[in-house]
Amino acid sequence: MITLEMLPLPAGTSLVPGGVQLVSLQLERGKTLWVTGPAEAGKTALLETIALRRPVADGAMTLLNQDAGPRITCRTRKLLQQRIGYIEAAPLFMDRLTVADNIALPLEMNHASKADIRRETESILQWFALEDHARSYPATLSQTARLRAACARALIAQPSIVLVDEPALTLCAGLRNHLLSTIRGLARNGTTALLATQTLPEEASLEGDILNLPQHKPSPENTDPSVPEEGVAAPRILVTKDERLLP
Amino acid sequence: MTSLSRAAERPSSWPLLLGLCLLSWLFGLALSLPCGVERAVHHWEEQLNDQVVIALPATGNEPSGQTNKLSQALTATFPKAHPTLLPDRDVARILASWSTPWEGPLPRLFTLSYHGEMNTLTTLVHNITPEAIIVPPPPQMAKLAPLMAALRKAASHVALAAGLAAALVVPALLYLAARTIALANRQQQAVLLSLGKAVTTLHHILARRMALTAFLGGLAGIILLLPSLMLITSALRPLLRLPATTGLFPTVPPQSFLPPMLWGTFCLMPFLMALAGWGMTYLVCARQGRHPS
């Protein structure tokens, strides 16, 4: 579903010498991956790369069994982007359209029927408690409401890959719970999700694997990954299951 | 796509509209200038006195045999000069304007438009009537020719300068407007790209709007040009020696001194501006789509 091989990602030089880390991971269909790490660890860069917003200079990336590496074609990029829902930290909207129209945009672009668009939009507006803002313009919304609208827009077309950046998971507990329950529902239908956050939520109901960033190969002088350098976050490799997440 | 059409930002189109209106108006005036100058110069040339006058001594009321002989000789030798024996009434009027009323018998006056050597004419006339006086035309043309040439040259230079200025300023204005539109819609473009949608539909919408604005600006300029030319023509009517105006509009509209091809160019101008605006906006937006930063 999602395969990254030696993908170079930027990271803070205080975390990774040289400022570039090589990330490899493999995520199957229907799985959820929590991407954690301190600021500048490369979480957003990883999400942006998978969302095809950031060019892949080296390494290899496969999304939905399509090559999305450095030689990705424009057509493949567009097709893949239509199947990826990315909830950014600062979502962009079309300011002259109402919230409802913004949320309906992915369906309208896919030439869905008007009845389907109306039904799906009303349903998701209700789910994210945005009915009162349906006719408002994005510029008039609070940050939380904008994130709700961004979640609704990203999920309305039931994407195959969902990417969630930190603010949507940390700004409002209610929004996070709504979002996680929606993602759980989508995951049962085969949606793969990557959720980026600095610290994992405390809820015991969290499911999924954990990827700690930054990742890089340990240097020959410091081969023991369990011993972190002074003042530097310890790089950890991908773990398939974190005990803290088990019920 | 309805929502995309609503989503597109619309920066104020007044600067472009007024700019193109003013430019097309100025361009039209500049192109009309050489035609107007040519027309005026032509009129002045027509009005120049190029008539040679041959005066025969007074012999009585009836034309003498010498007069008839001279008339036949002039017609046979210079048929294009249209030699004319002036009637007594005209002769009296001419003489009255020269001096006090003529008391004696009127002389015979021939007029002809002769541009050849005066010696040839003098020899011919004196062979028939040795006492005839030949009055050559005043040397107006020799004095006016450099002025007219300078006027023609200046008008051509002004038209050329205006044409070049328009060729530079109009694309620059269109580019600025296209860039403004593209920047105003950068967010819309980014949203579409992030959703994996083609942005060409948005580009087409923006380009169509720009074309409409450019067309309206050009059209307004040409519409303004008509009354301006009429006003200028009316003001310069005495100078151009045009017929007097009657009614609300001048009897000689500006069409009379502008060739049809120029009017065709004026009519084409709004369409050309619209086409240039469409292409410019599409290219600028597409370039911004390729390099979003």
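Two strands are taken to pair if DSSP finds at least two bridges between them. Helices (H or I, at least four residues) and strands (E, at least two) are themselves DSSP runs, numbered from the N terminus. This is a predicted model, in which local features need pLDDT of at least 70 and side-chain atom pairs count only at pLDDT 80 or more, while totals for chains, interfaces and linings use all residues. Residues are numbered from 1 along each chain as its sequence is written, and chains are lettered from A and ligands numbered from 1 in the order in which they are written.

Chain A can be taken up at strand 6. In strand 7 of chain A, A:I161 is the bridge partner of A:I84. The two strands, strand 6 and strand 7 (residues 161–164) of chain A, run parallel and are joined by four bridges. From strand 6 (residues 84–87) of chain A, A:I84 and A:Y86 point one way, A:G85 and A:I87 point the other way, and all are buried. A residue is buried if 20 or more other C-beta atoms lie within 10 Å of its own, exposed if 12 or fewer, and partly exposed in between, with C-beta atoms placed from the backbone.

Chain A also has an open sheet of four strands in the order 2-1-4-5, with antiparallel pairing. Its edge strands are strand 2 (20–27) and strand 5 (66–67) of chain A, each of which pairs on one side only. Two bridges link strand 4 (residues 60–63) of chain A to strand 5 of chain A in the antiparallel sense, and A:L63 stands opposite A:Q66 in strand 5 of chain A. Helix 1 (residues 43–50) of chain A packs on this sheet, touching strand 1 (2–10), strand 2 and strand 4 of chain A, and its direction makes about 130° with that of strand 1 of chain A. Such angles run from 0 to 180 degrees between N-to-C directions, and axes are lines fitted to C-alpha atoms, for helices over the stretch in contact.

Chain A is divided into domain 1 (2–83 + 160–245) and domain 2 (90–158), with bounds that come from an automatic or database domain assignment. Ten residues of domain 1 of chain A are in contact with nine residues of domain 2 of chain A; two residues are in contact if their C-beta atoms, placed from the backbone, lie within 7 Å. On the domain 1 side, the elements that give two or more residues are helix 6 (166–170) and helix 7 (173–188) of chain A. Helix 7 of chain A gives the most to that side, with five residues. By class, the side of domain 1 that touches domain 2 has eight nonpolar, two polar and no charged residues. Here Ala, Val, Leu, Ile, Met, Phe, Trp, Tyr, Cys and Pro count as nonpolar, Asp, Glu, Lys and Arg as charged, and the others, Gly among them, as polar.

Two packed helices are described by the angle between their axes and the distance between the axes. The axes of helix 5 (residues 143–155) and helix 7 of chain A come within 11 Å and cross at roughly 5°. That makes helix 5 of chain A roughly parallel to helix 7 of chain A, where angles under 35 degrees count as roughly parallel, over 145 as roughly antiparallel, 65 to 115 as roughly perpendicular and the rest as oblique. Helix 5 of chain A contributes A:T144, A:L147, A:R148, A:C151 and A:L155 to the contact, and helix 7 of chain A contributes A:L175, A:L179 and A:T182. These divide into five nonpolar, two polar and one charged residues. A:G185 also lies in helix 7 of chain A. With 12 C-beta neighbours inside 10 Å, A:G185 counts as exposed.

Chain B has ten helices and four strands. Buried residues make up 27% of its 293 residues. Its open sheet of four strands has the order 2-3-1-4, with antiparallel pairing. Strand 2 (84–85) and strand 4 (133–135) of chain B stand at the edges with a single partner strand each, so one side of each is left without a neighbour in the sheet. Strand 1 (residues 51–56) and strand 3 (residues 108–113) of chain B run antiparallel and are joined by six bridges.

The contact between the chains takes twelve residues from chain B and 16 residues from chain A. Helix 7 of chain B gives the most to the chain B side, with five residues.
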